[in-house]
Amino acid sequence: MMETIVVIAIVTLAAIYTGRRLLQQLKGGGCHGCNCKNKSQELAAFFQKKDGADIN
Amino acid sequence: MAKGSNHKTDNGITFLSDARPGQWYIMADLDGGSGLKEKIYSMGLNPGSRLRVLSNSGAGPIGIEVRRTKLALGRGVAGKIRVKEQRHQPQKELVIALAGNPNSGKTTIFNNLTGANQHVGNYPGVTVEKKEGYVHYGDYRIKVIDLPGTYSLSAHSLDEKIARRVILDEKPDLVVDIVDASNIERNLYLTMQFAELEIPIIIALNMSDMAANKGIMINHKQLSELLGIPTVPTVGNKRRGMNELLDTIIACAEGRIVSRPQPLRYGAEIEKELNKIAETISLDMSVLNGFRSRWVALKLLENDAEITKLIESHRYSDQIKENTEKSRQRLSTMFGDDPASVITERRYGFISGACSEAVSGAAERRHDISDTIDAVLIHPFSGLLIFSLLMWLLFHLTFGLSEKPVEWIELGIESLAGLITSIMPGGILRSLIVDGVIGGVGGVIVFLPNIMFLFLAIAILEDTGYMARAAFIMDRLMHKIGLHGKSFIPMLIGFGCSVPAYMGSRIIEDKTDRLITMHVTTFMSCSARLPVYVLICGAFWPKNAGTVMFSIYLLGIIVAIGMVKLLRLTRFKGVSSPFVIELPPYRVPTLRSLLLHMWERSVLYLRKAGTIILGISIVMWFLMTFPHNRAIESERDRKIALIEQGEGAFPSEFQRDSLINEIESKAAEAKLENSFAGRIGKIIEPVIAPLGFDWRLGVAILSGFAAKEVVVATMGTIYGVEAADDESSTALRKRLSEDPIYTPLVAYSFLVFVLLYMPCMSAMAVFLRETGSLKEMIFQVSYTTVLAWFTAFVVYQAGKLIGIG
């Protein structure tokens, strides 16, 4: 019984965590493991600069 | 030729001899030979010049004022000059600065534009002269400031400081950069520095006749597109191109032509340091005299004395100095050279790339060892061949070097699974840890050495400067097939990850070109697919894994090229335009820089394995384990009990155990098929069966939508769950290669499918955001998946037909 409860808890936590991460991905937040969010920010700064604005 | 009579025409043009005193006129043209023209023009009276008639008594000389100089013209000469009456004083003012290298013909152009009437004055605080003049053209009164001739804006000399200060103090509307066409590469260095100041520039490609005589052919339109700077060919000493230059200046001022110099990026490492310094600088902009914070940061990295002095009055000067020093040290260690030298190299790299595209013939380029190597490495034929060979070698070596470390990690993971199996009682918690967590995450971690060596090899290629050459070769190829030259940048980023690649496509202004690029970027195999290739290639072709993997990457590029061609002919018709690929000089990379690259990638890989992949592995384990089918378990237990009861009926214990194992294996397989994941897999199995895939590969493919590495994790969990009851733990690669369903043909078909099918969820979300079109996103998902299915189908069925399968 205890074993089942522990397993259910782990799976539930994993499902919530995964669900949140996937939701973030769907909102375009990047996949968080491959640095694409940072890359995106770098690129955003780069393009902002290109459009004539100071990156800062 | 009538002289002295009133010849005023309908369009207001008359001869100067008929002009009224006190009235303003614009010179239209001059009837006469080249000698007369040269004489009149040298006086500052040329077509477009604005003049005022001071006196015209109807006989004798005519007094005029042009370019603030009073002239007296004979009536005979005045009768040959056509002028157009100007009723109103010109209202529009423009300030332009003439810049250029010494001996680029700057003074000649200054005199052509302003006439002989130069105003020479001392620039405040310095002794170097700054010349000023005026030109009236069309509705404009243009103030021309002649900057000192300089090779750069680095403030090493007084001339350079003046040039910089004039730009800031006089705030010209635009800079006309006089470039000696016969020595274009060196001259463009100054252009790049003006571009960094982020002010509009026009290039006067001067002495273009001399360049042509030397056999140097410059495609000025292409050069203009590449640099983002309007370019006008001129021959100063023959007054050619002056009107075109003035027309372009006015068109720029009126916004009909846009001068937007291509931003020069100095590479991730330098940009990172620049941003850090610029961030502090931007906290107090009051002392910057109008300079942009990024430019100031760049100059600090270059150790510019004037800017270093300027920053002393900054509110955070100590912090800036400290940050700059640290950044300089970091970059010096990383590149093994002074940051200023690296920055200079990057500028020349950009120029070299632009010249390679737009200049042909015997240009006086900076011939050094890089040029000699480039003669071979960017040659249309040998370049492509060497690029292919290097890529093959890269994959081959990656597999060769990783073989042992992969085995060690496999052994470690197996031992860990074995240890947990031995200390924990059998049950769902043990299955979760061993099959879900270790099977899933372990299956991904095991390929860490491959990732490390691959990125080490890529870092070597990048840091030596070869990658820029590869980009150049590919850009040329892409352009030939109708893709925008700039497209190569997002496509190159796509080899890392599709998310920044889609964002990177923003650099392409043309919407059609941008969409095509985004639609084919997915075929540039992202690094998340790498573990899948490593797993499959290692399992089925252990001796030729590198070659097979190279073929997959190559297939991705070929499919991308084919799709560009197809999309260009069907959905997106049009033509493309070129782009500059920087060609930095070759250099020996530093060990620190290489290790840093490798470390960063490895950390990211492990972080992903420990977060999202771990989460998905647990969820996948649940979907593969539940619901429990009591009937299957009861049937298994009943059969095993019967065997154990009839112990004596078996000739040997081995035979009895084999039978029990077989029963357990079949029961596990049945349980898996009956699980949630199994049921989903069984639904899609008919669709993927023609590709040689069973439902297990179907589930792995579906899970890959979350992240491509999850394909490996899912396969690890599937095999873990399937083999759970036999309590043995074997590496996933071995299990795959021993599976009778999966032949090398099925494996290759699977690799092709993984390469081509829809990108992951993150990438699709960014695709939607970037295109703003659900229709395009649906098209992307649909066509890539259909293409993947079709290509894998052709591979599998063709393979079977010729007997490979």
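**View 1. Chain B as a whole, with 34 helices and 15 strands.** Helices here are DSSP runs of H or I with at least four residues, strands are E runs of at least two, and both are numbered from the N terminus. This is a predicted model, in which local features need pLDDT of at least 70 and side-chain atom pairs count only at pLDDT 80 or more, while totals for chains, interfaces and linings use all residues. Residues are numbered from 1 along each chain as its sequence is written, and chains are lettered from A and ligands numbered from 1 in the order in which they are written. Of the 805 residues in chain B, 48% are buried (20 or more other C-beta atoms within 10 Å of the residue's own; exposed is 12 or fewer, partly exposed is in between, and C-beta atoms are placed from the backbone). Take the contacts in chain B with a separation of 6 or more: 74% of them link residues 24 or more positions apart. A contact means that two C-beta atoms, placed from the backbone, lie within 7 Å.

View 2. The chain B average is 81, and 89% of the residues score at least 70. Helix 32 (residues 744-756) of chain B comes out highest with a mean of 94, and strand 8 (residues 119-122) of chain B lowest with 36. Residues 117-128 of chain B fall below 50, and this stretch has 24 contacts beyond near neighbours in sequence. For the model, ipTM is 0.74 and pTM is 0.58.

**View 3. Helix 13 (residues 339-358) of chain B, end to end.** Its 20 residues should span 28 Å at 1.5 Å a residue, and the end C-alpha atoms sit 29 Å apart, so the two agree. The expected span is 1.5 Å times one less than the number of residues. Helix 13 of chain B is mostly covered, with 15 of its 20 residues buried.

**View 4. Helix 15 (residues 382-423) of chain B against helix 23 (residues 545-569) of chain B.** These two pack at about 135° with axes 8 Å apart; axes are lines fitted to C-alpha atoms, for helices over the stretch in contact, and angles run from 0 to 180 degrees between N-to-C directions. Helix 15 of chain B and helix 23 of chain B are therefore oblique to each other (under 35 degrees is roughly parallel, over 145 roughly antiparallel, 65 to 115 roughly perpendicular, and the rest oblique). Residues that meet here include W392(B) and F395(B) from helix 15 of chain B, and F550(B) and Y553(B) from helix 23 of chain B.

**View 5. Helix 15 of chain B again, now with helix 17 (residues 448-464) of chain B.** The packing angle is about 150° and the axes are 7 Å apart, which makes helix 15 of chain B roughly antiparallel to helix 17 of chain B. Among the residues that meet are L397(B) and L401(B) in helix 15 of chain B, and F453(B) and L454(B) in helix 17 of chain B.

View 6. Most residues other than glycine have a negative phi, and most peptide bonds are trans. F626(B) and P627(B) are joined by a cis peptide bond, with omega about 0°. P627(B) sits in the loop between helix 25 (612-625) and helix 26 (630-645) of chain B. M207(B), not a glycine, has a positive phi of about 55° and is buried, with 26 other C-beta atoms within 10 Å.

Terms used
pLDDT is the predictor's confidence in each residue, from 0 to 100.
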